[in-house]
Amino acid sequence: MSVLLLAVTSGLIVAGIGLQVWASGPRGQGRRYALQLPAVLLYSLASALFLYSIFPDSVSEGRAMGFGLGGAAGFAGFFMLASYAWLSRTRPHDETASALKAATKENARLRKRLDNALAAHDAQVTSARSSRCEIPIKGNRRHQLGMITGNLANVSGVDVWVNPENTRMEMSRVTEPTISATIRYHGGTRDAGGHLVVDRIALELAEQMADHTHVAAGQVLITGPGELRQSHGVKRIAHIAAVEGEPASGFRQVMDLERCVRNLLIEVDRLNEAGEGCRSVVLPLLGTGGGNSDLQRTAEELATAVVGYFQDHSASRIRTVYLLAYTEAQAEVCRSVLSMPDGS
């Protein structure tokens, strides 16, 4: 067998093996039958050359697709036909794999549409106007748990507004769609054009943080309401560290929401002991604004913590704590947690 013939035969075999290995990988899924046919052809040619080089006078005759084959070509033809018959068994597997791949792609497309629809639903504001309702706490005639729907900027007559803040107590810019920005903007002094000229609440909060870069998760700082006292009847703003920031990762909800609520209500009751008469509190669903937390779990934990506080502090002068439901999704969750019928 000549060196050239040996090299050609070896090259055909190596190429066939390489093609078959590639066809067996993830990229070949769903088309392995079609991809392995060229590999079989390369093997057939290699076997024909090998047999011809060893037995140049050998004869093998037959017919395939109307053509007569003889000599080494006969061996190659027989090998190819036998291999194709064996490979044809893999075709159903390829069809199944192709259908699965198409179904997976379609599922991903539908999932994306569903996620977009849910996001749009979550972002839908419940109403331009604010509405409220209260329910009695079982076994407690003194205190109530309730729900306020709509934009916080439209809420009036609630003594304490709760601002879910980060552990650095850095209020949002007034252009951001957050509770913090709403409180900051409406609590400041504005000019005739509606532009903020005296940032009252943010300045008072910054003064309290003058010697600190951050506070512990769940800690509460109390400030005045700024212009909200006149415009909305607010007596105090309770800033609670409900989210923690991570570099280049954004904010996440703090772990212990019960601690947040307990600290909050303790501070409000201290105001009451000082004679401020803070009888009502509006409490947003802490840490859910960024969409990185469980609405149902958050509402359940907040409601349970409020009820637990009133049970432990039966003499609390706070009368009602309202959960704030800004979106339709939040309202549905709050109704479920408070066992209210739709439309309450």
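Arg-168 lies in the loop between β5 and α5 (179–187). Helices here are DSSP runs of H or I with at least four residues, strands are runs of E with at least two, and both are numbered from the N terminus. This is a predicted model, in which local features need pLDDT of at least 70, side-chain atom pairs count only at pLDDT 80 or more, and totals for chains, interfaces and linings use all residues. Residues are numbered from 1 along each chain as its sequence is written, and side-chain values use heavy atoms, with hydrogens and water left out.

**Arg-168 and the whole protein**

Arg-168 is partly exposed, with a relative accessible area of 43%. Buried means under 20% relative accessible area, exposed means over 50%, and partly exposed is in between (1.4 Å probe, protein chains only). Not counting residues up to four places away in sequence, Arg-168 touches Met-209, Thr-213 and His-214. A contact means heavy atoms within 4.5 Å.

The protein has ten helices and twelve strands. Of its 344 residues, 39% are buried. Among contacts between residues at least 6 apart in sequence, 63% join residues at least 24 apart.

**A buried glutamate**

Glu-165 lies in strand β5 (residues 160–166). Glu-165 is buried yet has no salt bridge. The nearest side chain of opposite charge, Arg-184, is 7.9 Å away. For charge, Lys and Arg count as positive, Asp and Glu as negative, and His and the chain ends are not counted. Glu-165 touches several residues beyond four places in sequence, including Met-171, Ser-180 and Ile-240.

**Salt bridges**

A salt bridge is a side-chain nitrogen of Lys or Arg within 4 Å of a carboxyl oxygen of Asp or Glu. By this rule there are nine salt bridges. Three of them are tabulated here.

| Glu-176 | Arg-173 | 3.0 Å |

Asp-199 is buried, at 15% relative accessibility.

Glu-227 is partly exposed at 28%. Arg-200 is partly exposed too, at 39%.

Glu-176 is partly exposed at 27% relative accessibility. Arg-173 is exposed, with a relative accessible area of 55%.

**Helix packing**

Helix α9 (residues 295–312) packs against helix α10 (residues 328–338) at an angle of about 45°, with axes 9 Å apart. That makes α9 oblique to α10. Axes are lines fitted to C-alpha atoms, for helices over the stretch in contact, and angles run from 0 to 180 degrees between N-to-C directions. Angles under 35 degrees count as roughly parallel, over 145 as roughly antiparallel, 65 to 115 as roughly perpendicular and the rest as oblique. Residues of α9 that meet α10 include Leu-295 and Ala-299.

The axes of helix α8 (residues 257–273) and α9 come within 9 Å and cross at roughly 40°. α8 and α9 are therefore oblique to each other. Among the residues in contact are Leu-257 and Val-261 of α8, and Leu-302 and Tyr-309 of α9.
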